[in-house]
Amino acid sequence: MSSQDLESLDVEGIRQQFPILQREFDGQQVVYLDNAATTQTPDPVVDAMSDYYRQYNANVHRGIHHLSQEASIAYEEAHDRVAEFINADGREEVIFTKNTTESENLLAYSWGLNELEPGDEIVLTEMEHHASLVTWQQIGKRTGADVKYIRIDDSGRLDMDHARDLITDDTEIVSAVHVSNTLGTVNPVGELTDLAHEHGALSFIDGAQAVPNRPVDVEEIGADFYAFSGHKMAGPTGIGVLYGKQELLEDMEPYLYGGGMIRKVTFEESTWGELPWKFEPGTPPIAEAVGLHAAVDWLEDIGMDRIRAHEQELAAYAYDRLDAEGDVEIYGPEAGSDRGGLVSFNLEGVHAHDLTSILNDHTVAVRAGDHCTQPLHDKLGVPASTRASFYVYNTREEVDKLVAALDDARQLFA
Ligand SMILES: Cc1ncc(COP(=O)(O)O)c(C=O)c1O
């Protein structure tokens, strides 16, 4: 894509599709920079879900009546659209869950509990989100498998020499975050997957901060499993995705049981239905699937390359502006490198929670805390950080407002 194409992104036009961005508190328009937690939802996504409830709300699994037929088709087609979006082979490889966290738990319970035993190793990175870190830690405790962590270096990148030492024939799975939600680091997930495969291990990639913000091709990465959430990609809450290679999913036991996932049930025995329904028991998130389909259409209309370029440009701008302040410590790789669209930082002498509260007085919405990466914050030597995270509707002027508000914090606390 040429730089002119990238520049032609109509941010103002995009913003018009988000009434929430026009909201004011105390006469100041909201500056929403908390997109790594959840993104805002554009009108076409809200309209698609509203249309579902107004026009064809019914339970799925192919009821005989018209409304159920329509709802079932829409629900199934949402799987097809997501499969196409991430270049999976088909709907069989796309399981709808509640969110990334549930996707990780599905894999850990369904595969991990059944396959792991003492002597096996689970290799994570030091920058994992609690969604995977806590889950694998618990599965390790229950199965006797050891959990090991690939170190990060001083620049906030993975130490790949350490990765090569750590991933051995004892490794059963390598679980890595694609883009760190705290550091913004973009990990070499294809290389990690290759390393896992060289040792007969599987790979699981947490794509919660990648799929919303950059083109993702699961086939190119080669990952065995890949997870993400609808609410971080202009879609609704209540829906997430677990991608898995079909042959692996075929061999896995369901993690939840109930209606809609069976083939045959007797008083003694049950057998399971086809993929992906085998992993989707009970009434699924139908309206949310319709919304996720609309979100994927919306994102692809803009273009994932352009979304990535816009966010990288904003993150680099924010990084440089914050860095120039002199009393701001920024975590993760430097601006200009391939980086996710977020910046985590601390202002000298001011606790992240105090800073975030002062920013809120200026109607700048950012997040303070450990961002579900407590061990990483321990390693950074800070209890918390403030994180500004960007999406396709954010502007440089909004970054300027964030930086300008730092002065208030200095006056109050420094
Ligand atoms: C990298 C990463 N993984 C997992 C999650 C968990 O996502 P969810 O809360 O949608 O399950 C998040 C959310 O912040 C995240 O940033």
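Which residues of the largest nonpolar core touch the most other members? I opened my notebook with that one, and the entries below follow from it.

**Ground rules.** I am working with a predicted model, in which local features need pLDDT of at least 70, side-chain atom pairs count only at pLDDT 80 or more, and totals for chains, interfaces and linings use all residues. I number residues from 1 along each chain as its sequence is written, and side-chain values use heavy atoms, with hydrogens and water left out.

**Entry 1: the cores.** I took a nonpolar core to be a set of buried Ala, Val, Leu, Ile, Met, Phe, Trp, Tyr and Cys residues joined through side-chain atoms within 4.5 Å. Buried means under 20% relative accessible area, exposed means over 50%, and partly exposed is in between, with a 1.4 Å probe and protein chains only. The largest core has 78 residues, and Phe96, Tyr226, Met233 and Val392 touch the most other members. Helix H11 (residues 286–302) gives the most to this core, 11 residues.

**Entry 2: Val392 and Ala318.** Contact here means heavy atoms within 4.5 Å. Not counting residues up to four places away in sequence, Val392 touches Leu9, Val11, Ile14, Trp298, Ile302, Ile307 and His310. Ala318 sits in helix H12 (residues 304–324) and counts as buried because its relative accessibility is 1%. Leaving aside neighbours within four places in sequence, Ala318 is in contact with Val343, Phe390 and Val399.

**Entry 3: the two domains.** I found the protein divided into domain 1 (3–39 + 303–412) and domain 2 (46–300), with bounds that come from an automatic or database domain assignment. Their C-alpha centres lie 28 Å apart. The contact between them takes 36 residues from domain 1 and 33 residues from domain 2. I also checked the record: UniProt, in an unreviewed entry, lists residues 31–402 for "domain: Aminotransferase class V". UniProt positions are in the numbering used here, feature names are shortened, and annotations may be inferred rather than shown by experiment. Over residues 31–402 the chain is 41% helix and 17% strand, and the end C-alpha atoms are 8 Å apart.

**Entry 4: Gln40.** Is Gln40 buried or exposed? Gln40 is buried, because its relative accessible area is 12%. Gln40 lies in the loop between strand E3 (31–32) and helix H3 (43–55). Not counting residues up to four places away in sequence, Gln40 touches Phe18, Ile20, Leu21, Tyr32, Asn35, Ala234 and Tyr393.

Entry 5: Most residues other than glycine have a negative phi, and most peptide bonds are trans. I wrote down these cases:

- Asp26 is not a glycine, yet has a positive phi of about 50°. Asp26 is in the loop between E1 and strand E2 (28–29) and counts as exposed, at 79% relative accessibility.
- His371, also not a glycine, has a positive phi of about 55°. His371 lies in the loop between strand E16 (367–369) and helix H14 (374–380), and at 7% relative accessibility His371 counts as buried.
- Leu275 and Pro276 are joined by a cis peptide bond, with omega about 0°. Pro276 is in the loop between strand E12 (270–272) and H11.

Entry 6: Phe413 belongs to helix H15 (residues 396–413) and is partly exposed, with a relative accessible area of 37%. Not counting residues up to four places away in sequence, Phe413 touches Gly349, Val350, Asp354 and Ile358.

Methods. Helices (H or I, at least four residues) and strands (E, at least two) are DSSP runs, numbered from the N terminus.
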